[in-house]
Amino acid sequence: MAYYQKATLDLKMKDVELVKPSKSTPSCILSLSTLDNKVSNNNICQFVHVYRSSPIHDNSDSSFNPCQDFKEALSKALFYYYPLAGRLGRHVDGKLRVEINANNAEFGVPVMEAIANCTLSSLHYLDDHDTEIAKHLVLDFPSPQDKIYPLVFMVTKFLCGGFTIGMGVSHALCDGFGVSQFFKAIVELANGRIEPSVKPVWERERLVGSITKQPFEICAMDKESAAFTPFLNHINSTDIKRYCFKVEGEIITRLKLSLMKESENMKFTTFESLAGYVWRSRARALKLNNNGKTMLDILVGIRRHMKGYDPLPEGYYGNSIVDGKLVLKVSELNERPLYEIVRLIKETINVASTTDYVTNSIDTWETINQEEDISTELEATGAVTVLTEWKHLGFMENVDFGKNEVVNFVPAPCKMLATVDTCIFMHPNKIDDDDPLMKGGVKIFTSLPVASMPKFRDEIEALKVLY
């Protein structure tokens, strides 16, 4: 592992500018889908794209202004994605709406430009075990809770000529697939295309459910039966940080072969195999009590899995994810063979990918969205692991900005992505190309109390010798 002296990041920030669509857009109020309206989606997600300096835009080229180029491309993209330039608020019926008033002075997307005092290489292009620095490269823009800006950006230029693009977007308007689609549209327009290769589709009515008298059980365990961790309590303030761990491709291959052998030739995916191991490792790191219950909440995309269901049109950028939930006693998670845990995960994903499950899930959320979501009581308790995979969302595919190559993509430790519940699997970045061992590897982003992180690190390191 390479070690380096991390620079101290100081930023000179300019005033925030509202970027508006390049052409006239409609003024209207748009409704959202049932999945968009899920309580957990009413949060801002933050991400950072990291761009290495171009040979023609090195540190001697003071005229190069990536923020100006970005704002021009963003303005063009907003003509197609104009709902993202509106304001998000809650209607009298309790549902979220996007209000688009093209003539309002506050219509547009807030963008901040910043200049950093160091090079990106001195920050190792944000490719570090500790990912906390990313939160300084995104914009936290205050707005009234009843009319928030659903999209904000921060573009930071570094002394080397490289730059970062920090995005904050409301999960109520886009899922990860939709965010990736929108960002690619900006880059395409910046690189000279006349229009995006994929035109956006709103059509949120496609995923609006019906009120049902027999809703699913949203949370398969209650607060009384949920496991607890000594690292999280109301007496001691807990320092929770988000870290990144890398698992090499060869280790994953050995793990999958071992599971296949133990299960008598049942094949498991990389996601399923790592999901079981990481879930168990987090429970051990948090020292969850053995007689309590723990839940794995797997976010399952429905764009490709909907057999017998009208497919979502190309360009749809709203939420298209349901929850597949698996509950076990902590003692079971610790003591049962890993292949049995992974098999249960595989079965949970298969069930969550069926048409009946998706339809019933959407109807259930439409029914309970009008009431308090009881699953929120278990947030940040340590008993729940929310697991999502971003490997196939394309955040680093075809998004080079002109001659500047994207070398990293990092989820910033914001409120939604840095809770103790969240765990993200991602593809290796361009920096990992220099390490042949990371071919086929996975980056794991997880947040845990600082005191429990050494144990989790030990569990990940044990993969090298156990399998």
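The structure holds 22 salt bridges, a salt bridge being a side-chain nitrogen of Lys or Arg within 4 Å of a carboxyl oxygen of Asp or Glu. This is a predicted model, in which local features need pLDDT of at least 70, side-chain atom pairs count only at pLDDT 80 or more, and totals for chains, interfaces and linings use all residues. Residues are numbered from 1 along each chain as its sequence is written, and side-chain values use heavy atoms, with hydrogens and water left out.

| Salt bridge | Closest N and O atoms |
|---|---|
| Lys 95 and Glu 366 | 2.8 Å |
| Lys 199 and Glu 195 | 3.4 Å |

Lys 95 and Glu 366 are both buried. Buried means under 20% relative accessible area, exposed over 50%, and partly exposed in between (1.4 Å probe, protein chains only). Lys 199 is partly exposed because its relative accessibility is 38%, and Glu 195 is partly exposed at 35%.

Lys 464 and Glu 461 are 3 residues apart in helix H8, so about one helical turn separates them. Helices (H or I, at least four residues) and strands (E, at least two) are DSSP runs, numbered from the N terminus. Lys 464 is partly exposed, with a relative accessible area of 41%, and Glu 461 is partly exposed at 42%.

Helix H3 covers residues 249–262. Its buried residues are Gly 249, Ile 251, Ile 252, Leu 255, Ser 258 and Leu 259. After H3 comes Glu 264, with a positive phi near 60°.

Technical notes. Expected span 1.5 Å × (residues − 1).
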